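Please view the sequence and the structure first.

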Amino acid sequence: MRVSLFNTMIHIVMAVVSIVCIAPIILVFSISISSDVDILKNGYSFIPKHIDLAAYRFIFQNPGQLFTSYIVTIFVSIVGTVIGLLFTSMLAFAISRKDYAYANKTSFYVFFTMLINGGLIPWYILVVNQLHMKDSIFALILPYLVSAWFVMLMKGFFTNISSAIIESAKIDGASELGIFFKIVLPIAKPGLATVGLFYLLTYWNDYYLSLMFIQNNTEIISLQYMLFKIQSNMDFLKSAFVPPWMINKVSLPDLSARMAMAVLAAGPMLFVFPFFQKYFEKGITIGSIKG
């Protein structure tokens with residue numbers, strides 16, 4: 001009886017938590033299809049008084065550029081995540097090996113970059129003047145390619161792999177690359193899924209790299225930066241500095257457009273996360289035990 005009551009309470013708590021997590025998503029979507037007049041008059045509502053797609057029509061005034069930004073962001077997110085996972089896992093596996101003589105020194109070097117970095121100006125000079133990646137698609141990928149935090153997180157997963165498995169593979173004649181790709185990576189699937197999701201979110205939500213390094217080639221700006229520019233233009237048009245005869249400020253959506261941008265920016269990730277959920281939960285559990 002006590003066990004049944006306890007399970008019931010757990011289910012009630014989890015149901016409440018689920019509702020709390022889902023409610024903001026529903027509210028954001030509802031606001032995005034409401035008119036600013038209804039929002040100002042009635043406030044935020046889970047059920048719109050009148051369905052108005054003015055915010056989406058405003059955002060999709062230039063669908064070609066928006067579609068291009070989607071393609072750029074998808075490409076950068078996929079390529080950056082795959083290559084970042086490869087480099088991160090290779091470095092993490094090296095510093096997790098007990099037979100690597102400089103494992104501790106290399107781990108300290110990686111960890112030290114989390115405490116002190118070179119600064120914004122040297123970073124900009126390196127990317128623009130030394131690597132010559134200004135107005136290049138590589139400028140949206142390379143700066144986030146290896147994260148010290150993700151390396152240390154992956155190291156925790158590789159630490160769980162028994163050294164006996166690696167030694168047995170060596171005795172059977174497997175090469176280091178063969179051990180890494182055929183044995184280590186399949187075992188570390190939860191870790192790869194967890195860190196891969198973090199990389200994917202980092203690249204998908206980034207607008208800073210486009211703001212910093214993309215100036216002339218507007219064809220490769222990211223989705224987040226594109227939405228940021230739309231919002232900035234809308235704020236400018238609604239400001240008091242624009243003469244009233246140049247733009248009808250009342251016709252410009254404001255509150256609903258902000259929520260519509262949130263839907264367009266975060267919506268795809270809501271469909272991606274369920275594919276990572278099984279490994280993500282296991283990965284977080286393992287990563288919290290081993291560091």
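How many cavities of 30 Å³ or more does the structure hold? It holds two.

## Basis

This is a predicted model, where local features need pLDDT of at least 70, side-chain atom pairs count only at pLDDT 80 or more, and totals for chains, interfaces and linings use all residues. Residues are numbered from 1 along each chain as its sequence is written, and side-chain values use heavy atoms, without hydrogens and water.

A cavity is a set of points, on a 1 Å grid over the protein atoms alone, where a 1.4 Å probe fits but cannot get out; lining residues have an atom within 4 Å of a point.

## Largest cavity

The largest cavity has about 70 Å³ of space. Its lining includes Ile 31, Asp 38, Tyr 44 and Lys 49. Helix α2 (residues 36–42) gives the largest share, three residues. By class, the lining has five nonpolar, four polar and two charged residues.

## Second largest cavity

About 50 Å³ lies in the second largest cavity. Val 72, Thr 73, Val 76, Leu 140, Tyr 203, Asp 206 and Ser 222 line this space. Helix α4 (residues 63–96) gives the most, with three residues. Four lining residues are nonpolar, two polar and one charged.

## Phe 138

Phe 138 sits in the loop between α6 (120–130) and α7 (148–159).

Leaving aside neighbours within four places in sequence, Phe 138 is in contact with Met 133 and Pro 143 (heavy atoms within 4.5 Å). Phe 138 and Gly 80 lie 58 residues apart in sequence and 9.5 Å apart in space, C-alpha to C-alpha.

Definitions and conventions
1 Å grid on protein atoms, 1.4 Å probe; cavity = no way out; pocket = protein on both sides within 12 Å on 5 of 7 lines; lining within 4 Å. Points joined across faces, edges and corners; volume = space filled by probe spheres on them. Helix = DSSP H or I, 4+ residues; strand = E, 2+ residues; numbered from the N terminus. Nonpolar A, V, L, I, M, F, W, Y, C, P; charged D, E, K, R; others polar.
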